[in-house]
Amino acid sequence: MSTDAQSAPAARTPVVDPTLAPDPATLDAAERMSRDELTALQTERLAQTVRHAYTGVAHYRAAFDDAGIDPSDVTELADLAGLPMTSKEDLRQNYPFGMFAVPREQVSRIHASSGTTGRPTVVGYTRQDLEMWAAVGARSLRAAGVRPADLVHNAYGYGLFTGGLGAHAAAETLGCTVIPISGGMTARQVQLIGDFRPDVILCTPTYMLTIIDAMRDAGLDPRESSMRIGVFGAEPWTEAMRQELETSAGIHALDIYGLSEVIGPGVGCECIETKDGPTIWEDHFYPEILDPITGVPLPDGELGELVFTSLTKQAMPVIRYRTKDLTRLLPGVARPMRRIDRISGRTDDMIILRGVNVFPTQIEEIVLAQPGLSPHFQLELSRSGRMDEMTVKVEAEAGHTDRDSAARAVAHEIKERIGVTAAVQVVDHASLERSAGKLRRIYDLRS
């Protein structure tokens with residue numbers, strides 16, 4: 001990785017609170033495996049997955065043949081490093097059903113991305129895939145502190161996006177009662193939170209900020225709500241955001257990780273007793289970290305691009321799928337499986353500003369540390385002559401008047417900590433776009 005990536009902050013030392021841990025008797029068998037037992041299971045499942053993908057998917061058969069690899073060559077986990085990688089573009093080139101490894105009539109459900117940047121990426125699930133997804137989702141929620149019989153307010157979007165239905169099935173499988181409200185209609189969200197008194201909320205972290213603002217606008221104190229846990233995903237978010245959410249809403253804020261191409265929400269999740277980054281459920285999803293430029297595998301602990309190979313998917317197995325998420329693999333703490341550090345950014349969200357790599361999460365940390373500013377901000381990219389420029393628009397908190405000094409402080413921190421000069425505009429409270437799901441942070445005006 002670049003020098004910028006190598007100088008990233010060290011991973012936080014986990015602080016374990018065993019009083020928050022689930023009853024060990026409720027854990028899945030895989031959560032209690034030794035590393036040796038887990039490695040043996042992964043090796044067996046990897047060989048099966050490679051054979052299944054080669055036999056059922058023309059794209060993989062051609063890629064393996066071009067590389068001179070036969071499925072029988074894959075006998076241990078180290079052999080993964082020699083296998084071809086899969087990109088989002090490969091999925092788009094095989095639109096709509098070319099990446100399915102089973103006949104279409106065996107596919108029980110289809111999800112897809114929005115397709116705003118081209119053809120959508122399509123993913124499919126057999127009945128067994130849906131059961132596996134619900135099981136790892138339930139495992140994720142249990143790790144996050146959710147318990148059977150909890151009332152769960154699910155504000156992830158339903159439809160082709162995997163978040164809503166994926167989280168819904170996970171909560172039901174765990175034995176919870178689900179309120180399937182989906183995203184948007186924020187005033188109604190606030191009303192139902194007050195009326196139904198849920199224990200848990202599921203949504204994106206930026207939409208939780210929107211709900212908190214709406215509660216305050218309605219004269220309610222979010223810290224007095226019934227909610228004790230929030231499980232947030234679908235966006236990179238920072239430790240500073242966790243502190244903001246926990247302080248503002250009086251909840252435990254946990255990070256759930258997933259992406260549609262691998263399964264959806266539930267690839268991994270933080271454990272409430274440690275809050276030290278999502279534990280990856282390695283019995284179903286094998287992670288690697290690669291140098292995003294060279295594609296060379298990196299050892300655990302080094303920052304790079306997260307890559308996944310599915311180990312149990314039937315309808316659409318993926319071999320070395322490039323997520324574009326930048327993180328590092330760390331040893332397991334609450335579980336024997338490895339965990340990932342917080343996602344520091346995505347390669348496709350990275351802004352290169354006058355030769356310096358900038359991620360929205362870096363700006364988020366700076367904004368959240370500045371008194372008088374709200375967590376709501378946008379980044380505008382423009383061009384003056386031959387030079388790219390960035391303007392940070394951030395909302396003032398209600399009643400805050402010293403906007404000039406706040407803007408100067410943010411601009412100073414961006415220069416000191418990231419190394420770029422940015423214009424900062426502190427704008428009126430509640431004047432920027434609010435999240436109703438995944439929030440758009442970057443507005444590129446250069447074209």
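This is a dialogue on how to read several features of a predicted model.

Reader: What should I know about the model before reading any values?
Author: The model is predicted, so local features need pLDDT of at least 70 and side-chain atom pairs count only at pLDDT 80 or more, whereas totals for chains, interfaces and linings use all residues. Residues are numbered from 1 along each chain as its sequence is written, and side-chain values use heavy atoms, with hydrogens and water left out.

Reader: How is a helix defined here, and what span should helix 8 have?
Author: Helices (H or I, at least four residues) and strands (E, at least two) are DSSP runs, numbered from the N terminus.

Reader: How many residues of helix 8 are buried, and what do they pack against?
Author: Buried means under 20% relative accessible area, exposed over 50%, and partly exposed in between (1.4 Å probe, protein chains only). Eleven of the 13 residues of helix 8 are buried, so the helix is mostly covered. Among them are Tyr207, Leu209, Ile211 and Asp213. The buried residues pack against helix 7 (186-196), strand 5 (200-203), strand 6, helix 9 and strand 18 (373-384). Contact here means heavy atoms within 4.5 Å. Just after helix 8, Gly219 takes a positive phi of about 80 degrees.

Reader: Which elements cover the buried residues of helix 9?
Author: The cover includes helix 8 (205-217), strand 6 (229-232), strand 7 (252-259) and helix 10 (360-368). The buried residues of helix 9 (residues 239-249) are Met241, Arg242, Leu245, Glu246, Ser248 and Ala249. Gly250 follows helix 9 and has a positive phi, near 65 degrees.

Reader: Is Arg242 buried or exposed, and what does its side chain meet?
Author: Arg242, in helix 9, has a relative accessible area of 1% and is therefore buried. A polar contact is a pair of N or O atoms within 3.5 Å; within protein, one must be able to donate a hydrogen and the other to accept it, and residues adjacent in sequence count only if both atoms are side-chain atoms. The side chains of Arg242 and Glu239 are joined by such a contact, of 2.9 Å. With neighbours within four places in sequence left aside, Arg242 is in contact with Trp237, Ala253, Leu254, Glu270, Lys275 and Arg342.

Reader: Which residues of helix 2 are buried, and what covers them?
Author: Leu38, Leu41, Val50 and Tyr54 are among the buried residues of helix 2. Their cover includes helix 3, strand 10 (285-290) and strand 11 (304-310). Asp65 lies in helix 3 (residues 58-66) and is partly exposed, with a relative accessible area of 43%. Asp65 and Tyr54 are eleven residues apart in sequence and 9.4 Å apart in space, C-alpha to C-alpha.

Reader: How many aromatic pairs are there, and how is a pair described?
Author: A pair of aromatic rings is described by the distance of the centres and the angle of the planes. Rings of Phe, Tyr and Trp (its six-membered ring) pair if their centres lie within 6.5 Å; planes under 30 degrees apart count as stacked, over 60 as edge-to-face and the rest as tilted. The count by this rule is five aromatic pairs. Phe97 and Phe100 form a stacked pair, 5.3 Å centre to centre with 20 degrees between the planes. Phe97 is partly exposed at 37% relative accessibility, whereas Phe100 is buried at 6%.

Reader: Which charges sit over rings?
Author: A charge sits over a ring if NZ of Lys or CZ of Arg is within 6 Å of the ring centre and within 35 degrees of the ring normal. Arg139 lies over the face of Trp281, at 5.1 Å from the ring centre. Arg441 lies over the face of Phe377, at 3.9 Å from the ring centre.

Reader: Where is the cis peptide bond of Pro96, and what is its omega?
Author: The bond joins Tyr95 and Pro96, with omega about 0 degrees. Pro96 lies in the loop between helix 4 (88-93) and strand 1 (109-112).
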